[in-house]
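Please consider the structure shown below, with attention to the ligand and its surroundings.

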Amino acid sequence: MVTLQSKWRFLFMFLGIQLVVMALLSREGYHKRVSYFIRIFRKGEVAGLVRNRTGAALGGGDVYANLSHLSRGHGHADDMPYCPKTSPLIGGPIHVSFPSGLTLAQVERKNPLVVSGGRYRPPDCEARHRTAIIIPHRHREHHLKFLLYYLHPFLQRQQLSYGIYVIHQVGNYTFNRAKLMNVGFREAMREEDWDCLFFHDVDLIPEDDRNLYVCDANPKHAAIAMDKFGYKLPYKMYFGGVSALSPLHYLKMNGFPNNYWGWGGEDDDIGVRVSLAGMFISRPSLKVGRYKMIKHKLDKGNDVNPKRFNMLAKTRQTWKMDGMNTVEYEVVSRDYLPLYTNITVNIGTESGLRPPAPRPAAEKAAAAQNPAAEKAAAQKLAANSSNKLQEKLAVK
Ligand code: BGN
């Protein structure tokens, strides 16, 4: 027999369970947990890649939604009206996931209006902004594929005229992100009069298309809320991940430093340059400047740079002597691929673009046998070059 007392107990228990469930569902991690389980059930399914309805239900839409009606049209007419100030294609949060099995061919098929070199212009209006995306790269093809998958439709939704440049460091010498950006700046500007350049890490995917890829009056730090930092700015002066500068901003701060080899510090140096050049860092809101990072281990050939603390302490003295005015490199190849322009470049090493050739073995052996003669020769060489220097100074 069910007594009145046990009925009440049952009712309280039922309400209690409901309360717990509601509290759990309203917590921030809810979307993550639900999408995690959905992904388990749908593992292996590549078709559709990012589903609009599922995405929308999980707190983000399909980045390709609204784009299918854009047709190839009849070429780009000269007398087209300007695109509206706010693109009607913008939809806000984007659902980002990394399905296995995605191929570049699929990305190409999804972006029929992108032409050789990764260029695009809105088919039905004249873009108000021309933006170049500069991506420093080495051994990250897997990440690049995902970035291209999201970035192309993201930029198309903003009705931008754009081009994507991948600056690929040749060889195995330590990676140098900031120097590759300098190369990207010069090579992109050589091709077209871009009015804004986005310096973009290969592993960061924007999660909201209201984060406009256009320049502000001051250098802009776009990646202000990354998932790896709990969608917050890790520290006030942080300038890493994705930043946007106009050519004028870039030249005003003498570009980026060329001498940060390996991981860390170069973005802080760039942030300091912004203020040394009399500018400010502008930022989108935390709600809009959201990025998802593709998880990975620290790369081979990009070890933490132990010199970064000392170098950062000297930015005030060095920024005018090292940057765009001193960048040296050799373009190895330039390929206009369907989804991006690939510029492979030799940026040399810490000892310069062409380190001094090693001395022939016979010469070395002779020097080892006669150290006194070697010393005298070295002194003569030093005296000679110092005379030459003095001559030069006298002429001036
Ligand atoms: C900082 C790094 C940045 C890096 C961020 C986020 C340095 C210099 C130390 C004075 N700066 O600590 O380069 O982008 O972390 O990972 O290491």
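The following paragraphs treat the ligand site and then the salt bridges.

This is a predicted model, in which local features need pLDDT of at least 70 and side-chain atom pairs count only at pLDDT 80 or more, while totals for chains, interfaces and linings use all residues. Residues are numbered from 1 along each chain as its sequence is written, and side-chain values use heavy atoms, with hydrogens and water left out.

Around the ligand lie F229, Y235, Y238, W263, G264, G265, D267, D268, R308, F309 and L312, where a residue is near a molecule if one of its heavy atoms lies within 4 Å of it. This shell comprises six nonpolar, two polar and three charged residues; Ala, Val, Leu, Ile, Met, Phe, Trp, Tyr, Cys and Pro count as nonpolar, Asp, Glu, Lys and Arg as charged, and the others, Gly among them, as polar. With three residues, α9 contributes the most to the shell; helices are DSSP runs (H or I, at least four residues) and strands likewise (E, at least two), numbered from the N terminus.

A polar side-chain atom of D268 is 2.6 Å from a ligand nitrogen, and one of R308 is 2.6 Å from a ligand oxygen. A polar backbone atom of G265 lies 2.8 Å from an oxygen atom of the ligand.

Elsewhere, the whole structure holds 14 salt bridges, each a side-chain nitrogen of Lys or Arg within 4 Å of a carboxyl oxygen of Asp or Glu. One of them joins R119 and E192 (2.5 Å, N to O). Because R119 lies in strand β1 (residues 119-120) and E192 in the loop between α6 (177-191) and β4 (196-200), the pair ties together parts 73 residues apart in sequence.

Technical notes
Polar contact = N/O pair within 3.5 Å; in protein donor to acceptor, adjacent residues only side chain to side chain.
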